[in-house]
Amino acid sequence: MPLVGNIRDFGLSDFLYLVDRGYKTGCLHLSRVDEMASLYFDKGKLITATRKDDNAPVTDLLVRKGKLTPVQAVQAAQAHQNQNGVNLSQVLISLDLIGRDELQRVLQQHIEESVYALFGWNEGEFRFEQGQRPDPTAPIMPTPLAVEHLIMEGVRRIDEWGRIKDRIPSTDMVVKFIEQPIERTKGINLAADEWRVFARINGKDTLAEIARKTGMSEFDVCRIVYGFLTAGLVDVIRKPAPVPMLATGRPLAEAPRVKKSLVTRIINRIRGM
Amino acid sequence: MQTVKMVISGAVNAGKTEFIRTISEIEVVSTERPATDDTRLIKKETTVAMDFGRIAIGDDLVLHLFGTPGQKRFDFMWEILSEGMLGLVILVDSTRPETFRETNRIIDFFMSYRETPYVVAANKQDRPNAWSPEELRLALRLPSHIKVVPCMATDRDSVKNVLLELLDVIMQRSED
C-alpha cells in the first residue's frame, strides 16, 4: 500500500527521515501543478532522482557534461542490453569508460541539486511506492547517499519561521542530543555556525540561551537546530517547570500510582468483555 | 465506589467518539454538534465538549473513559480531563498525515503536564492508504518504548486490545 499525502502537511525532510529510519526501499513520487519528481531509495539511502523534464539515461547526462563521448554512450548502451540485473552505471564502470569515483561525483552533484530544489516546494502531493526500482538506465549512483546529509543541506535552504515553528514552537525549549549523535553526524558536513550551535547543546540550555551565548539570532539558532532535529541528531523538549509539591510530599506532576491488584482487576474485566 | 479514569485524545476525526462508543457499557454521553469551523470540511458533527463512557469493573470499582474534544479552541478541557487520569490513549487517523503534527502537539501537551502512561492507537488500519504502526512511529518520532498499537475503533476486540496494551504500561508503573 503506498503512503500518500501532501508535503504541506508532512514535509520532505520528515519523509526523508522516515525513509532513513524505516530502512525503506522504493520510490517517492512528488508532483505539483506541472512538475513531477521521483526519488528512489534502497534500504533508506538515495540511489537516484529524476525530474519530469530530466529523466534521460545516465549516458545522455554524462555526454551532456562532457564526461563521455556519444560513441562511448552507444557502446555502453549496447553492452547493457546483454546484461540482466545490472544497471547502466555499473556497465560504464565495468567497461572502464569512467572511473567509479568520477561517476559518483558527477551523479551525486546532479542528484543533490535536483533534491535540494524540492525543499523549496511548499506543497505538492507525495506517494511512496514500496519496492519500486528505477529504470536500470537511470543515473544511479555507485554509492547510495545517506539522507541525513540531504536533510541538513535542504533545511539550510528553508527560511520560513512557519515550518520551523511546527517543530520548535518556542525558544524556551531545551535541546538535547539523542543517543549516539556522533555516529549519525559522520555523514554530515557541518558549517562553522552549525558547529557553534552543536557545541553548545548540553540538554540544559534553551534555544534562547544558546542564541545569547553564541551571539547568533534566535532565528538562525532555531533554523540550525531544526536541521539537527530533522536529521534525527537532537531532540527538543520543553524546559521542565518547577514541580509543585503536594502536602504528602509527592510531586503534583507525577501520575497517580495505582496498586497492581487494581490494574489486574481492570485487565481481567476488559479481557472478559 | 472507587472510580478510575482513562482519557482518549487525538486530532479531529481520529475516532475518539467511536472508540468509546465501541467499548462503553452505557450509551455514550456525547456532545456532538454540527461543526462550525474548518472541522466541517472533515466531518459534519464533532465533539465540542467531551465524550463519556463507563465500564463497571466490580461492585466497588468503575472505569470512566473520557474523550477530549479535538478542536484547538477546547484545549483548556484537556488539562481538566487529564487531572488524576490512570492512562492516556492517543488516537491517530492513520490515513491522514495532515493530522500528524496536531497529534504531536497533543502528545506534547499531555506529557508537559505530567508523566502519564500512554499508548498511541493507529486507527483506521482497515482503510486503504493507512500508514502502518511502524511508519506512524517514525512519522510521529515516537521513542521505541512507546507502544503504537494497530486499531479499528469500530471493532470491539481491537479497542479491547488497545486498552489492554495501555493497562500493561500502567501495570509496569504500578506498586505492589
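## Helix packing in chain B

In this predicted model, helix 1 (residues 16-23) of chain B packs against helix 5 (residues 156-173) of chain B at an angle of about 100°, and their axes are 9 Å apart. Helix 1 of chain B is therefore roughly perpendicular to helix 5 of chain B (65 to 115 degrees counts as roughly perpendicular). Helices are DSSP runs of H or I, at least four residues, numbered from the N terminus.

Helix 1 of chain B brings Phe19(B), Thr22(B) and Ile23(B) to the contact, and helix 5 of chain B brings Arg156(B), Val159(B), Lys160(B) and Leu163(B). Contact requires C-beta atoms, placed from the backbone, within 7 Å. Four of these residues are nonpolar, one is polar and two are charged.

## Domains of chain A

Chain A has domain 1 (3-152) and domain 2 (158-273). The bounds come from an automatic or database domain assignment. The C-alpha centres of the two domains lie 34 Å apart.

Eleven residues of domain 1 of chain A are in contact with nine of domain 2 of chain A. On the domain 1 side, helix 1 (12-21) and helix 6 (147-156) of chain A each supply at least two residues.

## Confidence and conventions

The complex has an ipTM of 0.88 and a pTM of 0.79 from the predictor. Chain B averages a pLDDT of 87, with 85% of the residues at 70 or above. pLDDT is the predictor's confidence in each residue, from 0 to 100.

Local features need pLDDT of at least 70 and side-chain atom pairs 80 or more, while totals for chains, interfaces and linings use all residues. Residues are numbered from 1 along each chain as its sequence is written, with chains lettered from A and ligands numbered from 1 in the order in which they are written.

Notes
Axes fitted to C-alpha atoms, helices over the stretch in contact; angles between N-to-C directions. Parallel < 35°, antiparallel > 145°, perpendicular 65-115°, else oblique. Contact = placed C-beta atoms within 7 Å. Nonpolar A, V, L, I, M, F, W, Y, C, P; charged D, E, K, R; others polar.
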